[in-house]
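Colleague: I have some questions about how the labels on this model were reached. Could you take me through them?
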Amino acid sequence: MRDESTLTETGTPTHCPYCALQCGMNLRGGTDAPGVVEVVERTDFPVNLGALCGKGRTAPALLSSRVRLTEPLVRRPATGRLEPATWEEALRTVADGLRRTRAEHGPDAVGVFGGGGLTNEKAYTLGKFARVVLGTSQIDYNGRFCMSSAAAAHQRAFGLDRGLPFPLADVPRTGCVILVGSNLAETMPPALRYLTELKENGGKLIVVDPRRTRTAEQADLHLAPRPGTDLALALGLLHVIVAEGRTDEEFVRDRTSGWEAARAAAMAHWPELVERITGVGVPQLREAVRMFCDAPSGTGMVLTARGPEQQSKGTDTVSAWINLCLATGRAGRPLSGYGCLTGQGNGQGGREHGQKADQLPGYRKLDDPAAREHVARVWGVEPETLPGPGRSAYELLDALGRDVKSLLLMGSNPVVSAPRAGHVEERLRSLDFLAVADVVMSETAALADVVLPVTQWAEETGTTTNLEGRVLLRRRAIQPPPGVRSDLEVLGGLAGLLGHEKGFPSDAREIFDELRRASAGGAADYSGISYERIEAEDGVFWPCPEIAGASDISDASDVSGASDTSVSSAEETERPHPGTPRLFLDRFATPDGRARFVAVSHRAAAEETDAEYPVLLTTGRVVAQYQSGAQTRRIDELNAAAPGPFVELHPHLAERLGAVEGAPLAVVSRRGRAVGPARITAKIRPDTVFMPFHWPGEGRVNSVTNPALDPTSRMPEFKVCAVRVELSG
């Protein structure tokens with residue numbers, strides 16, 4: 001690995017290791033404590049303009065050897081304990097374990113599980129390693145639990161999945177935003193300024209959430225539907241739009257297909273029916289339509305997050321919100337459109353370059369012969385040697401110990417983050433062999449036969465792709481501790497031990513150059529992006545082929561839609577592609593260039609309430625913790641702000657239970673039990689309780705959640721299940 005450490009007094013420009021905003025920051029040596037790294041504002045990066053949340057500001061605390069892994073560990077048969085080992089022994093033990101499983105049970109008995117926090121280079125290499133070195137189809141990643149429903153809906157409506165089809169800078173300039181199932185104030189605090197600016201500019205904000213969150217408190221209109229009914233709500237709004245004659249007939253005629261079937265489906269969801277299903281009153285439905293359709297600028301956006309997406313009908317739910325945008329002409333135009341607020345740090349890039357069960361680099365489909373031929377040529381293998389699509393994330397975890405005997409896991413903690421987590425923990429324990437590469441001793445790593453300590457964000461160079469589709473460069477600022485290697489070195493070392501001496505370098509820039517070739521011509525085309533361009537341009541938006549004019553969905557126009565037409569055709573073919581901040585202004589990425597309506601109808605959640613389980617549970621995050629908490633729970637300042645789980649419930653429900661503030665409550669489902677102190681508030685529906693999902697142990701709420709899968713995206717139903725609430729202890 002080349003030494004690219006760049007920590008200076010002025011600071012190394014880089015990006016936060018947490019969410020998909022990928023906020024810019026500078027890292028510099030501590031002024032009071034030599035060897036300590038501190039965060040300095042990076043005010044020139046356009047996404048956050050220097051603003052950081054507490055997680056970003058305290059991120060260097062995890063660089064301390066006090067809280068992280070610094071040497072490989074191997075479980076000794078004699079003691080059953082993980083004990084220190086050399087890197088040579090650890091890698092050899094992993095290679096032997098994977099080789100033994102392949103020999104005894106075949107390549108698909110070996111699984112690989114990745115993470116949405118891995119850089120593009122790591123995600124790309126992990127997918128290549130699984131398919132070329134191991135020959136297995138059994139690879140997926142935890143991003144399946146985040147954005148997969150929105151991605152599937154994007155694909156079938158627009159022919160392309162990119163979280164936001166426009167930069168965040170467009171949000172304050174639109175006429176109205178409908179924000180569905182997102183609490184930006186806690187999950188992405190620096191992004192809240194875009195909504196504040198929206199309102200300052202005269203725009204309107206509608207928030208859809210069963211809780212009156214800090215974000216909902218900023219709204220001009222708050223709709224609080226029963227969990228699991230977002231699909232009915234979107235259909236009801238579209239019904240009102242049609243009934244009141246508010247559709248954009250010209251846009252529907254000229255730029256879409258499938259309207260008649262989608263219209264008929266929506267008209268079956270009249271407002272009074274939707275009120276009974278969702279609990280949102282008819283006057284509120286009509287007010288939301290008026291606010292969205294009567295914006296003075298005639299522009300509007302719908303932004304969704306995990307609330308509507310993490311459902312067993314998440315893809316159809318997102319499709320219903322897209323239909324609303326298409327019917328009103330709020331798509332494929334400046335300052336308008338549907339977008340998904342991607343969650344994990346590289347959740348966007350992580351699903352583009354091959355660690356997803358059905359994909360190859362460049363967002364190519366694994367079952368497409370032309371895609372297989374192109375990528376195989378880049379990899380120097382025959383197309384027929386590449387395995388086909390494998391199991392989705394939960395299905396892969398559920399198969400552990402049965403069909404899948406060994407697992408290599410990187411950058412994920414499913415013991416805490418997976419649905420029906422107690423069952424997933426049992427499956428992990430049943431494996432013949434488990435190897436985990438991670439920064440910290442997560443709850444999943446503690447079960448492993450081999451634990452490999454790897455570098456983290458400030459100690460390595462690599463690219464990520466934020467929620468806008470902006471490809472960014474994290475720069476190595478400091479050297480990792482002795483005894484720690486990068487994920488790329490781990491994969492290269494294992495590949496060599498398994499007979500692939502070439503093709504798996506540890507240099508991120510070299511891998512990115514190969515990724516560019518592999519993605520060329522694909523939907524997520526990075527071939528015109530280089531480290532130098534990223535540095536010079538504060539990131540480059542994909543698709544970005546090598547030359548201008550190579551992508552028929554690219555649009556280099558400014559926000560007004562005015563394109564530069566002063567360049568001749570000959571010059572155009574020689575000019576580097578500028579990247580694509582705004583998609584679909586000329587055409588959608590479908591074969592005929594039209595966006596596709598999808599006819600969808602409401603259906604109940606996979607698990608409804610009954611006499612035994614009469615309350616609905618929904619889950620989410622708190623501002624001071626992140627995902628499974630494996631990192632943030634090790635930072636003292638964040639733990640002080642959010643020391644543990646809690647059960648949020650309405651005063652009416654608390655009264656029925658005899659619960660008082662702070663008293664321990666048990667939330668029980670058909671799958672498991674989670675315990676936390678009562679937090680009583682009128683800001684949640686009386687039929688619903690909420691728990692955050694960052695903690696293991698008795699507060700592990702994912703022991704309770706439902707693994708019922710969306711039939712298209714294979715997303716589990718994290719956001720709604722039936723429970724009973726009891727006094728505990």
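Modeller: Start with two helices. Asn-120, Glu-121, Tyr-124, Thr-125 and Lys-128 in α3 meet Ala-508, Ile-511, Phe-512, Glu-514, Leu-515 and Ala-518 in α20. Keep in mind that this is a predicted model.

Colleague: What makes α3 and α20 roughly perpendicular to each other?

Modeller: The axes of α3 and α20 (residues 508–519) cross at roughly 70°. Angles of 65 to 115 degrees count as roughly perpendicular. Therefore α3 and α20 get that label. Their axes come within 9 Å. The crossing of α3 past α20 is left-handed.

Colleague: Why give both an angle and a distance?

Modeller: Because two packed helices are described by the angle between their axes and the distance between the axes.

Colleague: On to charges. Why is the contact between Arg-306 and Glu-309 called a salt bridge?

Modeller: The cut-off is 4 Å between side-chain nitrogen and carboxyl oxygen. For Arg-306 and Glu-309 the N to O distance is 2.8 Å, so the pair qualifies. The two are 3 residues apart in helix α12 (residues 306–309), which means about one helical turn between them. Both Arg-306 and Glu-309 are buried. By this rule, the count comes to 48 salt bridges.

Colleague: What about Arg-429 and Glu-425: is each one buried or exposed?

Modeller: Arg-429 has 56% relative accessibility, so it counts as exposed; the cut-off is over 50%. Glu-425 has 18% and therefore counts as buried, given a limit of under 20%. Their side chains meet in a salt bridge, 2.9 Å from N to O. Arg-429 and Glu-425 are 4 residues apart in helix α18 (residues 421–429), about one helical turn.

Colleague: How far apart are the closest N and O atoms of Arg-475 and Glu-535?

Modeller: They are 3.5 Å apart, and the two residues form a salt bridge. This pair links distant parts of the chain, 60 residues apart. Arg-475 is in the loop between β20 (470–474) and α19 (487–497), while Glu-535 is in helix α21 (residues 531–537). Arg-475 is buried because its relative accessible area is 13%. Glu-535 has 42%, so it is partly exposed. Elsewhere, salt bridges that share partners join Glu-244, Arg-246, Arg-286 and Asp-294 into one network.

Colleague: Last one. Why does Leu-366 count as buried?

Modeller: Its relative accessibility is 0%, so Leu-366 counts as buried. Leu-366 lies in the loop between β15 (364–365) and α15 (369–379). Beyond neighbours within four places in sequence, its contacts include Arg-131, Leu-360, Arg-372 and Pro-387.

Technical notes: Residues are numbered from 1 along each chain as its sequence is written. This is a predicted model: local features need pLDDT of at least 70, side-chain atom pairs count only at pLDDT 80 or more; totals for chains, interfaces and linings use all residues. Side-chain values use heavy atoms; hydrogens and water are left out. Buried means under 20% relative accessible area, exposed over 50%, partly exposed in between (1.4 Å probe, protein chains only). Axes are lines fitted to C-alpha atoms, for helices over the stretch in contact, and angles run from 0 to 180 degrees between N-to-C directions. Angles under 35 degrees count as roughly parallel, over 145 as roughly antiparallel, 65 to 115 as roughly perpendicular and the rest as oblique. A crossing is left-handed if the near helix is turned anticlockwise from the far one by less than a right angle, and right-handed if clockwise. Contact means heavy atoms within 4.5 Å.
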